[in-house]
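Welcome! Take a look at the structure below, then work through the exercises one step at a time.

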Amino acid sequence: MTQPDFATVVSRWFQQHARDLPWREPGVTPWAILVSEVMLQQTPVVRVVPAWQAWLARWPEPAALAADTPAEAIRMWGRLGYPRRAVRLRECAVAIVDRHGGQVPDRLEQLLALPGVGTYTARAVAAFAYGQRHPVVDTNVRRVVSRAVAGEPDAGPVTRPADLVATEELLPTEPASAALASAAFMELGAVICTARSPRCTACPVESVCAWRASGQEAPAGPTRRPQRYAGTDRQVRGLLLGVLRDSTGPVPHQRLDQVWTDDVQRARALAGLVQDGLVEPAGVNSFRLVGDDPSLPTADLTT
């Protein structure tokens with residue numbers, strides 16, 4: 001099977017079997033697609049869908065988010081995890097308003113210049129929002145290309161320039177067809193060519209898969225050791241941020257002291273939140289979400 005034929009087969013499969021996700025519906029704006037791509041980083045689809053819908057209902061365009069505070073973006077982000085994404089998304093909205101008249105740009109170099117937009121996100125928006133021909137390479141795509149083309153059971157933990165080249169070689173020449181193929185490769189890796197339990201018999205390109213032909217098995221363990229959460233600074237940061245997010249106005253230090261008994265670890269986690277631009281001091285011995293309304297009274301210590 002030639003490379004264009006590979007993309008054609010996977011694209012036809014995608015058109016018949018793709019998951020019904022709201023950001024794939026006709027008429028979805030580039031801004032909505034950008035928001036979905038940021039939210040989907042390291043977060044399962046099932047958790048992203050309601051958060052994405054709520055976010056777009058409140059801020060349907062970049063100007064609406066840019067006019068609001070970073071604190072409200074953090075609150076709206078809720079428990080999706082990695083809350084710096086919320087702040088960066090608001091910074092991105094501000095840049096879109098300031099540099100592009102409130103419209104998400106369609107040129108790759110302009111997308112790459114936006115705060116918090118990296119190689120993957122910029123190419124994803126260019127392809128899925130504007131129908132352009134770019135290799136959109138995430139973990140799922142790298143795994144599909146590694147197995148089907150290179151015959152390797154796993155693509156490794158990070159995206160390399162060679163991954164972009166290998167994926168681009170599989171794309172059709174016509175931009176709209178290439179954008180469709182990019183979405184199809186991603187979906188194939190997400191639901192069929194999975195890391196641990198690939199459903200090879202349901203794969204549309206099983207007959208030409210180099211890894212399948214080699215007879216190799218999927219790796220027995222994860223390529224990256226799962227990160228421990230319980231008892232880590234990340235857990236403490238989440239607890240502290242939860243109190244601040246659920247409060248209106250600054251929170252007294254004494255109230256934050258109640259979320260974790262280890263004074264040293266709690267202080268380190270709080271300092272990390274400040275350093276990351278998520279939390280800021282608010283007067284003496286109190287803290288608030290960054291950019292929160294300074295006129296709000298300090299939260300009641302007893303609530």
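**Exercise 1.** Over residues 39-191, what percentage of the chain is helix, and what percentage is strand?

*Solution.* Start with the ground rules. This is a predicted model, where local features need pLDDT of at least 70 and side-chain atom pairs count only at pLDDT 80 or more, while totals for chains, interfaces and linings use all residues. Residues are numbered from 1 along each chain as its sequence is written, and side-chain values use heavy atoms, leaving out hydrogens and water.

Next, read the record: an unreviewed UniProt entry places "domain: HhH-GPD" at residues 39-191 (feature names are shortened, positions follow the numbering used here, and annotations may be inferred rather than shown by experiment). Over this stretch the chain is 63% helix and 0% strand. Helices (H or I, at least four residues) and strands (E, at least two) are DSSP runs, numbered from the N terminus.

**Exercise 2.** Which strands does β3 pair with?

*Solution.* Two strands pair if DSSP finds at least two bridges between them. First, two bridges join β1 (residues 251-252) to β3 (residues 286-289), and the strands run antiparallel. Here Pro 252 stands opposite Ser 286. Then take β2 (residues 279-281), which is joined to β3 by three bridges, again antiparallel. In this pairing, Phe 287 of β3 is the bridge partner of Pro 281.

**Exercise 3.** In the hairpin of β2 and β3, which residue takes a positive phi?

*Solution.* Look at the four residues between the strands, then find Gly 283: its phi is positive, near 80°. Well done!
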